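Subject: Structure handover

Hi,

Here is the structure for you to look at. My notes follow below it.

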Amino acid sequence: TEVSRAVWSALDYCSESRCLVLVSGRPRLGKTISAKAWIDQHPGRARYCETPSSADDLAFFTAIARALGITIESNAKTKNLRPRIETALHGGDVVLALDESSNLFPSHNYRLARPARICWLMGLINQGAAILLLVTPQFFNTQADYVDKSGWAAAQWNGRIQKYVSLPEGLSIADLEKVARA
């Protein structure tokens with residue numbers, strides 16, 4: 001489908017350029033299934049991770065560690081997982097595809113002027129990590145709301161997005177027929 005081609009092209013670019021790529025499209029359009037299909041066809045080049053909706057940092061880092069195949073001890077701590085994840089992603093040899101990326105922003109603590117997960121990702125990107133974010137329009141609303149309530153200056157974050165892919169509003173009839181046949 002057109003959506004699959006756009007997502008696959010974005011993943012190719014992210015893998016080759018080792019940068020931050022953002023793919024935006026309406027919910028239920030096929031972003032996730034397209035990303036997973038590309039990842040399955042390119043073993044070892046990318047990992048898929050759904051960003052947890054909880055504000056718990058341990059859940060966030062555990063989800064990424066699992067996606068990367070990093071061993072997680074029964075008494076895992078964020079401070080132990082972070083460096084191992086950073087080592088795995090340093091240099092961009094593996095693309096980290098983060099789905100549900102609006103969950104990167106805190107949903108309740110606007111006193112913090114800097115969203116911790118976003119700042120951590122910026123540090124990874126500065127080290128050459130390849131990260132692809134799959135987002136819905138909610139991501140931009142969540143970011144704008146966070147900026148409005150916290151005063152965080154998002155320009156540093158926005159400036160790190162090397163490629164922005166906006167998916168079509170819907171599937172064409174031909175693409176719907178392909179999906180139905182599959």
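Two strands count as paired if DSSP finds at least two bridges between them. Strands (E, at least two residues) and helices (H or I, at least four) are DSSP runs, numbered from the N terminus. The model is predicted: local features need pLDDT of at least 70, side-chain atom pairs count only at pLDDT 80 or more, and totals for chains, interfaces and linings use all residues. Residue numbers start from 1 along each chain as its sequence is written, and side-chain values use heavy atoms, without hydrogens and water.

**Sheet.** Five strands form an open sheet in the order β2-β3-β4-β1-β5, with parallel pairing. β2 and β5 (161-166) are at the edges with a single partner strand each, so one side of each has no neighbour in the sheet. β3 and β4 run parallel, joined by four bridges. Valine 95 sits opposite alanine 130 in β4.

**Helix α2 (31-41).** Lys31, Ser34, Ala35, Trp38 and Ile39 are buried (under 20% relative accessible area; exposed is over 50%, partly exposed in between; 1.4 Å probe, protein chains only). They lie on the same side of α2, because they cover an arc of only 135° around the axis (taken from the directions from the helix axis to the C-beta atoms). The face turned away carries exposed Ile33 and Asp40.

**Helices α3 and α4.** α3 (57-68) and α4 (78-89) pack at about 40°, axes 10 Å apart. Axes are lines fitted to C-alpha atoms, for helices over the stretch in contact (heavy atoms within 4.5 Å); angles run from 0 to 180 degrees between N-to-C directions. Phe61 and Ile64 are among the α3 residues that meet α4.

Best regards
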